[in-house]
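Morning, everyone. Let's look at some side chains together. Please keep the model open while I talk.

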Amino acid sequence: MMIRKRHSLNRKVKMMKNTILTAKGLCKSFAHNGLQNHILTNLDVSIYEGDFTVVMGASGSGKSTLLYALSGMDRATGGSVLYEEKDIVKLPEKKLAALRHGDFGFVFQQVHLVSNLSLYENVVVSGYLNKSVSADAVNKRADELLSAMGLSDIKSKLPSQCSGGEQQRCAIARAVINHPRLLFADEPTGALNRKNTTEVLNLLTGLNEDGQSILMVTHDSRAALRATRILYLADGAFIGELELPPYEPEMEKSREAQVGAWLSSMEW
């Protein structure tokens, strides 16, 4: 078996980029049958403003666990996650909840829309949690987001009356209603067909082009093509990093070849 050198992802200086999150010595373990199962092991990484960062790795490599630990949805068992000079690992739950409602946005494989609310209501309810913004401002932004995502004509429908792609686009609108500084996406195209996957990826790419910072975990190499930075996770730590220019549809074939070759070098 080839032994791969693990790289520190904090050595290279990111010129002209602000750091949003920095994890240092991040660990996550679970107890199972009296034994500790180590998912993340002394992991160091920084997430930068304006990047579309994608984390890849084999099934069970800890991708989703990492996303949850970095976002405060689950607490790390060791190390730190620094956001605005505060270690979110040590924040009380009330402050973590406020962080997740305001500074962070979330998109999941399962959309988790409220079944008895319309698409429009699902979006605005999340916006109303931000008490510093008026209801009128939230309503206006919801209309703008739903229009941009091609949902204006069906915004009064219930989730069950919409396709999977429409539901996921609504979930993205809900995730960004409060202008999050960082959007976390956990396999957002995992349950979609090819057409809906493309539509969702186009939306995420457009958001990033408009300045939205994104951290996405995925097993889909097509989704990874949208990244400006790909990190590869194996055995609970990062073993590689690939920097890419912003995505351009006309360059997809050459980009696919570059990413494919790099993933092969990671033993994908």
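One term before we start: a residue is called buried when its relative accessible area is under 20%. Also, keep in mind that this is a predicted model.

Cysteines, then. Take Cys162. Is Cys162 buried or exposed? Its relative accessibility is 9%, so Cys162 counts as buried. Now Cys170. Its relative accessible area is 0%, so Cys170 is buried too.

A disulfide is a covalent bond between the sulfur atoms of two cysteines. The cut-off for the two sulfur atoms is 2.5 Å. How far is the sulfur of Cys170 from the closest cysteine sulfur? That distance is 7.7 Å, to Cys162, and that is too far for a bond.

On to the rings. A pair of aromatic rings is described by the distance of the centres and the angle of the planes. How many aromatic pairs are there? The count comes to 6. I'll show you two.

Start with Phe106 and Phe108. Their centres are 6.2 Å apart, with 5° between the planes. That pair is stacked. Both partners are buried: Phe106 has a relative accessible area of 13%, and Phe108 has 16%.

Next, Tyr232 and Trp268. Here the centres lie 6.2 Å apart and the planes stand at 85°. Why is this pair edge-to-face? Because planes over 60 degrees apart count as edge-to-face, and these are at 85°.

Where do the two partners sit in the chain? Tyr232 is in strand β9, residues 229–234. Trp268 is in the segment after α8, and α8 covers 252–265. Tyr232 is buried, at 4% relative accessibility. Trp268 is partly exposed, at 43%.

Back to the phenylalanines for a moment. Phe106 and Phe108 belong to one aromatic cluster, together with Tyr83, Phe104 and Phe184.

Last topic: charges over rings. Find Tyr120. Which residue lies over its face? Lys155 does, at 5.1 Å from the ring centre. Then go to Tyr247. Arg226 lies over the face of that ring, at 4.2 Å from the centre.

That's my tour. Questions, please.

Technical notes. Residues numbered from 1 in each chain as written. Predicted model: local features only at pLDDT ≥ 70, side-chain atom pairs only at ≥ 80, totals over all residues. Heavy atoms only, no water. Phe/Tyr/Trp six-rings, centres within 6.5 Å; stacked < 30°, edge-to-face > 60°. Buried < 20%, exposed > 50% of the residue type's maximum accessible area, 1.4 Å probe, protein only. Helix = DSSP H or I, 4+ residues; strand = E, 2+ residues; numbered from the N terminus. Lys NZ or Arg CZ within 6 Å of the ring centre and 35° of its normal.
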